[in-house]
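Dear colleague,

I am handing over the structure below, and I would be glad if you could look through it before reading my notes. The notes follow directly after it.

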Amino acid sequence: MHHWRRDVVELAALFTAVAVADAVANLIGHGPDGPALLVMSALVLAATAGFHVWWSRRHGHAPPVTDTDARPDAETRPAGPSGQPAADEVAGALWRMRTTVKDEPGSLAALCAALAERRVDILSLQTHPLADGTVDEFLLRAPGAVAAADITRAVALAGGTATWIERADAHDLVDAPTRVLGLAARTALDTAELPLALRQLLGRCTIRSLPGTPAGGGSGPRPVPVEGVLEDTVMRLPAPEGGVLTVERPYLPFTPTEFARARALVELDSRLGPRIPRGEDVLTLPEGNDITVRRVDTGDLAAARAMHDRCSPRTLDLRYHGPVGDADRYLNHLLSPRFGRTLAAQTASGRIVGLGHLLWDGDETEVALLVEDDWQQRGIGGELLGRLVALAVEAGCESVYAVTKASNTGMVAAMRGLGLPLDYQVEEGTLVITARLDAAPVPSALRARPPHLG
């Protein structure tokens with residue numbers, strides 16, 4: 001637009017100069033005042049040329065010498081200690097927020113406007129329809145000076161109810177379809193991933209798998225319909241191996257959308273059947289023996305039971321804290337990928353000499369070891385435990401705990417060998433050792449564990 005106006009003005013000036021020159025030429029040719037008219041013509045041309053130069057400089061293509069106010073300048077931006085814009089203002093804090101709004105036009109717009117007034121950026125939004133409203137789940141980026149209470153107060157004033165908010169991290173930047181597909185792929189590769197996938201899908205929750213026939217005998221849980229049951233903060237689904245899978249999240253009710261996603265994930269696991277990734281790692285013990293460490297499941301029950309029978313009563317007592325009645329049923333539970341992950345150490349002939357279990361216990365994780373008597377004190381227990389903890393770290397567990405007798409010095413030494421912060425609790429001769437995985441960087445020895453065993 002500016003270029004068009006400039007061209008019109010320049011053409012008008014040119015036509016004016018030509019007209020004046022023509023008039024002067026006619027007067028000079030027909031009158032006695034020719035010299036005076038020539039001077040006047042020169043003055044008019046000079047004035048026209050000066051106007052053209054001024055106009056070109058004012059409306060040329062060069063960028064403006066002052067700020068256009070399209071962005072705040074350096075003087076108006078908050079500055080950090082070094083004089084640069086504050087980090088929180090540049091990056092902001094990530095928040096996950098969920099609130100319920102009325103299912104009517106303008107409800108979401110009012111909510112978004114309230115967040116915008118506080119310079120809160122909406123990175124993603126998911127809607128969960130309800131019978132009497134809609135649950136909106138946001139991923140937000142807010143300036144560092146904006147607290148959670150400021151956001152929830154603004155949401156409440158805009159009509160949001162039952163608002164819940166917590167800090168998020170970079171992992172939450174993945175959109176929901178991509179995250180669900182990734183969890184489905186992990187579950188398809190490994191049966192043991194189902195509880196972890198559900199926990200990542202639904203957030204902090206407690207997951208319990210109750211077998212149809214308990215290992216200790218007695219009656220199993222009350223069966224649930226094929227389509228499952230949703231009761232506010234608890235969902236119950238038929239477990240793929242039989243029994244009931246219970247998911248509980250007391251701090252936040254489940255929505256029908258979340259229930260449908262969880263049910264689809266469990267159905268996928270059920271259709272694929274038991275499976276574990278195949279892989280192994282060969283270790284050389286200090287005395288030169290080669291030991292293979294690999295994932296095992298219920299298909300290895302016979303070899304695990306044979307090692308069980310070779311163990312002394314004292315070794316079994318330290319592991320199980322008492323006599324084992326039905327070893328087959330108990331081992332079948334421990335080896336099931338539905339309840340965790342099991343690593344075995346075996347000799348070149350295929351004989352299992354050590355077992356390490358990583359067991360999902362609700363929202364906690366237990367580790368347990370059993371090493372055959374003739375193979376103890378050779379570092380096998382420590383190797384198995386280190387790999388189990390590495391698997392727990394990969395799964396996002398905050399801690400692992402071991403329950404043993406206070407006299408089990410081998411287990412205590414193995415836990416101390418992890419190099420992680422440990423908490424000890426002793427009660428009536430039973431020792432519970434908890435290793436906190438989120439309290440310190442994981443030692444490089446654990447990060448280097450072969451991933452194909454997981």
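Which side chain meets that of glutamate 258 in a salt bridge? Before the reply, please keep in mind that this is a predicted model, in which local features need pLDDT of at least 70 and side-chain atom pairs count only at pLDDT 80 or more, while totals for chains, interfaces and linings use all residues. Residues are numbered from 1 along each chain as its sequence is written, and side-chain values use heavy atoms, with hydrogens and water left out.

The partner of glutamate 258 is arginine 98, with 2.9 Å from N to O; a salt bridge here is a side-chain nitrogen of Lys or Arg within 4 Å of a carboxyl oxygen of Asp or Glu. Glutamate 258 sits in helix H8 (residues 256–272) and arginine 98 in strand E1 (residues 93–101), so that the pair links distant parts of the chain, 160 residues apart. Helices (H or I, at least four residues) and strands (E, at least two) are DSSP runs, numbered from the N terminus. Glutamate 258 counts as buried at 5% relative accessibility, and arginine 98 counts as buried at 4%, where buried means under 20% relative accessible area, exposed over 50% and partly exposed in between (1.4 Å probe, protein chains only). Both residues also belong to a network of salt bridges that links Arg96, Arg98, Glu137, Glu166, Arg204, Arg249 and Glu258.

Glutamate 193 is buried, with a relative accessible area of 6%, and arginine 341 counts as buried at 1%. Lysine 405 and aspartate 317 form a salt bridge at 2.5 Å, N to O, and this pair links strand E14 (residues 399–405), which holds lysine 405, with helix H10 (residues 313–320), which holds aspartate 317, across 88 residues. Here lysine 405 counts as partly exposed at 26% relative accessibility, and aspartate 317 as partly exposed at 25%.

Glutamate 193 also takes part in a helix contact, in which Arg179, Val180, Leu183, Arg186 and Thr187 of H6 meet Glu193, Leu194, Leu196, Ala197, Gln200 and Leu201 of H7, contact meaning heavy atoms within 4.5 Å. By class, this contact has six nonpolar, two polar and three charged residues, with Ala, Val, Leu, Ile, Met, Phe, Trp, Tyr, Cys and Pro counted as nonpolar, Asp, Glu, Lys and Arg as charged, and the others, Gly among them, as polar. The axes of H6 (residues 176–189) and H7 (residues 193–202) come within 9 Å and cross at roughly 170°.

A search of the whole structure finds zero disulfides, a disulfide being a pair of cysteine sulfur atoms within 2.5 Å. Cysteine 112 is partly exposed, with a relative accessible area of 27%, whereas cysteine 397 is buried, at 9%.

Lastly, threonine 134 has its place in strand E3 (residues 134–142) and is buried, with a relative accessible area of 13%.

Terms used: Axes fitted to C-alpha atoms, helices over the stretch in contact; angles between N-to-C directions.
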